[in-house]
Amino acid sequence: MATNSELKKLTRREFLKVAGAAGGAIALGSVLEACAPAQPAAPTPAAPTAAPAEAVAGATPEERALNGIKALKAAGKIKDGDTFVIMHHSGQRNQIVPAMEEFNKLTGLNFQNAEVGLEGDIYTKAMNEAVVRSGSYDGFLTFVNWIGDMAEAGLIVDLTDWFAKYNPEIDSGPNAYVPPLDRFTTTYKGRRYAVGADNDAFSMFYRKDMFDDPNEQKKYEDKTGKKLALPQTWDEFDELVAFFDRPDQGIRGTHLYAERYFAYTNWAARFISKGGAYFDDNMDPLIASDIGVETLEKLAKVVRDHMWPDAVTGDWSVAYKRFPEGSVFSAWAWASLGKWAQDPKTSKIAGKVGYMPIPGSIVDGTLYRAIPHVVGWSFSVSRYGKAPEAVYCFFQWFTGPTKGAELISRIGTLDVFRKPWFDLQVFKDAYGAEFLPVLLADTQNAFPDISLRGANEYLDKLNVNLQAAFAGQKTPQQALKDTVDEWQKITDRLGRLGQIEAWRNERKNYPQAIQDLWKKKGVFTS
Amino acid sequence: MANIALSSPGQRLSRWINQEHVFKLILVAPLQVLMWAILIVPTLLVIYLSLVRWEPILGDWTQAPFNWFGNYVKVLTDPRFWEVLGRTLVIVFFAVSLEFLLGFALALFFSQDRLPGKRLFTSIILYPMMLPWVVVGFTFYLLFLDRGPVNYVLIQLLGPGAAQPWFKEPPLAIGTIILADVWQWTPFMFLILYSGLGALPREPVEAAMTLGATRWQIFRLITLPMLKPVIIIALVIRALECFKIFDLVYIMTGGGPGTSTESLSLFIYRTGFVYGQLSLAAAMAVLLLISIAVVTRFAIRPLEYREEV
């Protein structure tokens, strides 16, 4: 024991040094302990899966979900008042919150929402949860292409067995999702990790009043020798937007995203419709092929000659300003742009909007269309939550054929995804009766974003280089070559074998016509 | 001695605590421990992460293999890192220089004795500094849009060809970022330098005036040397802040076109939170911390020398 005289020798500086070190050690210890895994994390194959069980009784997905809650209560796994927190984007509040209120009344549970303002923050927060495992969130409504990262991080539960147990009627029967949404909004490496809750297939909108104007039709015929018609191919589309490009009148030909975050969308649509693929079966990128470069050259010309500069420098919202204010002849974006453009409160061109099937490419005499499904939202269940199965039941109930129609038709960022909903009056009222058949046709040709592990990084590198090409900083060849180099590094860093497995599964989620084209061209043989 | 022998352990403890130096230590200890813990723990974790190969999608961080200085080597051999570092330094140089010159000019102007409306204008000048970065970034983004007010004015004055693609050409885009930074932070320079000028003793100036010194001579030989410590502090604080510039770049250009306006902080953010390479981002953060510490050390040396003298 130190004597008083010894204590006096301990200077304040020395004391603080010792105290600081001790405090740091104590705090570090507790942080490490808190952060230490409750159970060892494991990559996808070893991640916990939903327990297989007998199918739950019930006539509809909603009924089976509610019966599932009853069974979980009876088994003592959950009880009245148990709280479950679902993270989602603020744009879905109007769809999520009323659903939770109703589900809580029906079940006695307490589902709560945790709203996040920026989409990107959802990824950050979700991956943070994968590290700290706090159990703060029981489920997530995230971008579809983050499923791979979340599954590989061991954050979300493999739902395959619960799909079998509860049958959400996603891929078969009269209530099924529009294929191929049923596959790529739910699966990763061939297993179900999410419940699809959205349809983000892009749509092409145009100024019907300009297009239908007999004077314009005559001018077009005089100029090109062809009758003015909706374009079937991207080459025809480029001719059309060149014709309607009127910078002197404050109207440019089109607005296709060429900016920092969605620059890939139009290039990918053109590239894949020609039989292009992001990777071969060994994960070697194919984007810098002749098709890829030629596609980018043509698109860069359209961007340069027929679009406002803010297509390159703005963000996703620019389309939602340009088209409704009437400063572009055509624009492509999510289905919600149609709602904005048709609403007199948000648009100067209400009643003048037309919807065209997204163009494609003719290969060996056949027209192929490839429509990007850009981001999209799907539900996934945290493995660190209190009762994952109950959370799954809520997601199934939310997306059910009847309840889902009621919720998804509300204003919000979740869009129509079950096939029979395209015939419902409530959706015709929401989107416009003329638009829905076009959206349905486009959705059937939709292909997913890159959804591999590291999807964000793959897409970001592609976007950065494409944007540089659109801004004239890189040649198309250089932009795509640089992307290839970056992609190879990502693949090697994350493990080529795992990525190959994921890609071989992912490419099977593309529209059948594109898969057939790949086979025909020998890109993939299986 | 007898008293000590007779006292209970409680009394001895009480007597020990009541000693002035012990009592002071006990009062400060909890906060010191907390502060050191808050400071040390994240720093240690960042250093640890920078030495392993870990990404959340590759598994558990506690089981991440050691990469030792591999992340540092990777960062230092990455051309994009040097590009963003160089670009960030360019932004810092131009932004801080302009802020200093404008702030100093304003401070000199407002330090005149009889200036009508001095209080009002001083308050107005400080206003931009009080705005959140995000508001300033978005405001300047709107100002410089292709069909925004700046291009409108240019077109009105100089004709249709005068409109500039502000965010499409990298030099112009960096220029708009610098301008936004200058607009927001010149008041900070002004505030510090104005306070410094106000605190300078009047006697040397009055003596010089009596001896017939010109205004320029007084400024160059008396005001400026006396203000040097304040100037250094102002420059160091602003340079450090500006070196970490993130919000303005993120909002105004997103680092684009391509990566042509990306700043170091944005690059670190992307590496860590978009690409998920947290170990690499940690190595960058450590390098950034060391660089800032070294630069700051050299920057404030003149002040230390002055103290010793």
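Are Glu99(B) and Arg238(B) buried or exposed? Both of them are buried, where buried means under 20% relative accessible area, exposed means over 50%, and partly exposed is in between (1.4 Å probe, protein chains only).

## Before you start

This is a predicted model, so local features need pLDDT of at least 70 and side-chain atom pairs count only at pLDDT 80 or more, while totals for chains, interfaces and linings use all residues. Residues are numbered from 1 along each chain as its sequence is written, chains are lettered from A and ligands numbered from 1 in the order in which they are written, and side-chain values use heavy atoms, with hydrogens and water left out.

For the complex, the predictor gives an ipTM of 0.79 and a pTM of 0.85.

## Where the two chains meet

Let's look at the contact between the chains. Chain A puts in 53 residues and chain B puts in 45 residues, with contact meaning heavy atoms within 4.5 Å. Together they bury about 4,200 Å², and 62% of that is on carbon and sulfur atoms. Buried area here is the accessible area (1.4 Å probe) that two parts lose on being put together, summed over both.

Between the chains there are 3 salt bridges, a salt bridge being a side-chain nitrogen of Lys or Arg within 4 Å of a carboxyl oxygen of Asp or Glu. Arg493(A) pairs up this way with Glu55(B), and their closest N and O atoms are 2.5 Å apart. You also get 11 residue pairs in polar contact between chain A and chain B (both at pLDDT 80 or more). A polar contact is a pair of N or O atoms within 3.5 Å; within protein, one must be able to donate a hydrogen and the other to accept it, and residues adjacent in sequence count only if both atoms are side-chain atoms. On the side of chain A that touches chain B, the largest share comes from α2(A), with 12 residues. That side divides into 26 nonpolar, 12 polar and 15 charged residues. For that sorting, Ala, Val, Leu, Ile, Met, Phe, Trp, Tyr, Cys and Pro count as nonpolar, Asp, Glu, Lys and Arg as charged, and the others, Gly among them, as polar.

## Chain A in outline

Chain A has 24 helices and 15 strands. Helices (H or I, at least four residues) and strands (E, at least two) are DSSP runs, numbered from the N terminus. Of its 526 residues, 59% count as buried.

One buried residue is Thr186(A), with a relative accessible area of 0%. Thr186(A) sits in the loop between α8 (181-184) and β4 (187-188) of chain A, and its side chain reaches the backbone oxygen of Asp182(A) at 2.7 Å. Not counting residues up to four places away in sequence, Thr186(A) touches several others, including Phe163(A), Ile170(A) and Tyr193(A).

## Salt bridges inside the chains

Over all chains, the structure holds 49 salt bridges. In chain B, the side chains of Glu99(B) and Arg238(B) meet in one of these (2.9 Å, N to O). Glu99(B) lies in helix α5 (residues 79-110) of chain B and Arg238(B) in helix α11 (residues 215-243) of chain B, so the pair ties together parts that are 139 residues apart in sequence.

In chain A, Asp281(A) forms a salt bridge with Arg507(A), and the closest N and O atoms are 2.9 Å apart. This pair links distant parts of the chain, 226 residues apart. Asp281(A) counts as buried at 18% relative accessibility, and Arg507(A) is buried at 3%.

Most residues other than glycine have a negative phi, and most peptide bonds are trans. Two cis bonds to look up: Pro179(A) to Pro180(A), with omega about 5 degrees, and Gly256(B) to Pro257(B), with omega near 0 degrees.

Now for phi. Asn167(A) has a positive value near 45 degrees, and Glu169(A) has a positive value near 55 degrees. Asn167(A) is partly exposed at 35% relative accessibility, whereas Glu169(A) is buried at 13%.
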